[in-house]
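Dear colleague,

Please find below the structure that I am handing over to you.

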Amino acid sequence: MKQEDRLKIQAWLDGELAPQESARIADLIDNDLEAKELADDLRAIQKALEVGEKQTILEDSREFYWSQVERQIEAEEPITENTQPELVSGSLGNALRWLIPVGSLAAISALMLNFDSINTTPDLPETGGSEIEKPQTNPINSPSGLAEGAGTVMEEESPATPEVGVFSFEGTQNGGNFASPEDPNTLPESIENPER
Amino acid sequence: MAKLDIPNAADDELVRSAQKGNMAPYEELVHRHRDKIYARAFSMLRNEEEALDVSQQAWVKGWQRLKQFQHNSSFTTWMTRICINLCLDFLRKRQRQQTDSLDQMEEETGGVERRMEAEDYNPTEEMERSELRKEIDAAMEKLSYEHRTVLVLHEFERMEYKEIAKSMQCSIGTVMSRLFYARRRLAKILISLKKERQS
């Protein structure tokens with residue numbers, strides 16, 4: 001008997017053969033003694049395995065086991081715990097990413113214009129002509145000071161670092177790489193993606 | 001909305017709550033199913049410490065991927081698949097550090113016995129089910145990881161050839177061949193254990 005037929009007898013017992021092939025193998029088992037003996041052997045093993053596996057029970061306490069799992073979860077998700085996902089997730093997060101710097105720039109521009117108007121109007125008559133140049137130093141310094149201040153505001157308010165982290169996490173969670181999010185076989189790591 | 005009665009809630013309710021980011025329901029799921037997940041890891045790895053580590057990794061991964069679970073299968077089936085994938089990953093890494101196993105060589109050359117005598121082994125006679133389980137467990141331990149894995153996935157996880165091939169990253173033909181020789185080898189070991197028991 002060919003090895004191919006042996007494997008097909010096994011597949012027949014496992015219910016893995018197409019109907020047409022199944023009929024041919026059933027016929028072979030009926031008419032070939034060697035095929036029949038092989039089928040009997042395989043059935044005996046199948047039957048033995050039907051009793052199932054030996055019970056295996058964890059010896060660690062529930063609390064200890066969970067504490068180790070929890071520690072690993074926390075160790076792998078420090079960024080998500082320190083941020084506010086609702087503020088930066090989805091379309092709102094994307095909008096904020098653009099609105100904050102644009103808004104800051106608009107604020108700086110408005111302040112610069114405002115300083116120009118302040119410095120060119122009411123104070124001049126009071127200070128007198130000889131001191132005209134003195135207040136002009138303020139508009140030069142002030143906008144740069146404001147710009148630095150605004151820059152600081154941008155850095156403080158811009159969620160650049162944590163947002164990237166959260167965004168990456170979201171991307172990993174929902175990433176488009178997964179053909180079927182339900183299927184653990186499609187998880188992104190190499191082992192979990194058989195198509196590696 | 002009523003507060004979830006965690007100890008008495010169904011798995012599905014716990015999963016839905018955990019998917020919203022609540023850790024306590026997930027902790028309850030871990031308590032309920034940790035033995036099953038550990039048992040699967042142990043059946044594949046045959047090492048208590050490694051099985052413990054991998055089972056815990058599976059729960060961590062389960063939490064990280066929980067939002068992807070869409071309730072199309074039971075939660076335990078989903079978790080078991082994660083555990084199996086981690087075990088296979090672990091075994092592959094371990095195998096890379098070893099030379100080709102004798103089993104692989106035999107598979108290639110067809111060097112194992114062509115058939116065992118049907119009358120040599122009747123697994124249902126003279127043995128209690130618990131004894132038979134122990135004997136099968138002892139025999140499984142003697143198999144190569146490829147043979148043990150294919151048997152575990154097919155006989156205990158009820159996975160089809162196609163699914164096994166995907167998980168083990170091999171062809172369906174290889175799965176069929178491994179399964180065939182795994183069964184042969186298992187039968188041979190069980191026969192020798194039976195002879196030892198009788199002598």
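In this predicted model, 54 residues of chain A are in contact with 72 residues of chain B. The size of an interface is often given as the accessible area lost when the parts come together. For chain A and chain B this buried area is about 6200 Å², with 57% of it on carbon and sulfur atoms.

As to polar interactions, 17 residue pairs are in polar contact across the interface of chain A and chain B, both residues being at pLDDT 80 or more. The rule also finds 3 salt bridges across this interface. B:Arg183 forms a salt bridge with A:Asp14, where the closest N and O atoms lie 2.9 Å apart.

On the side of chain A that touches chain B, the elements giving two or more residues are helix 1 (3-13), helix 3 (33-49), helix 4 (62-76) and helix 10 (160-174) of chain A. Helix 3 of chain A supplies the largest share, 10 residues. By class, this side of chain A has 22 nonpolar, 19 charged and 13 polar residues.

A word on confidence is in order. The average pLDDT of chain A is 66, and 47% of its residues score at least 70. Within chain A, confidence is highest in helix 1, at a mean of 96, and lowest in helix 10, at 35. The pLDDT is below 50 over residues 121-181 of chain A, a stretch that has 46 contacts in the model beyond near neighbours in sequence. Residues 185-196 of chain A are also below 50, with 38 such contacts. Where pLDDT is low, the predicted coordinates should not be read in detail.

With kind regards

Key. Residues are numbered from 1 along each chain as its sequence is written. Chains are lettered from A and ligands numbered from 1 in the order in which they are written. This is a predicted model: local features need pLDDT of at least 70, side-chain atom pairs count only at pLDDT 80 or more; totals for chains, interfaces and linings use all residues. Side-chain values use heavy atoms; hydrogens and water are left out. Contact means heavy atoms within 4.5 Å. Buried area is the accessible area (1.4 Å probe) that two parts lose on being put together, summed over both. A salt bridge is a side-chain nitrogen of Lys or Arg within 4 Å of a carboxyl oxygen of Asp or Glu. A polar contact is a pair of N or O atoms within 3.5 Å; within protein, one must be able to donate a hydrogen and the other to accept it, and residues adjacent in sequence count only if both atoms are side-chain atoms. Helices (H or I, at least four residues) and strands (E, at least two) are DSSP runs, numbered from the N terminus. Ala, Val, Leu, Ile, Met, Phe, Trp, Tyr, Cys and Pro count as nonpolar, Asp, Glu, Lys and Arg as charged, and the others, Gly among them, as polar. pLDDT is the predictor's confidence in each residue, from 0 to 100.
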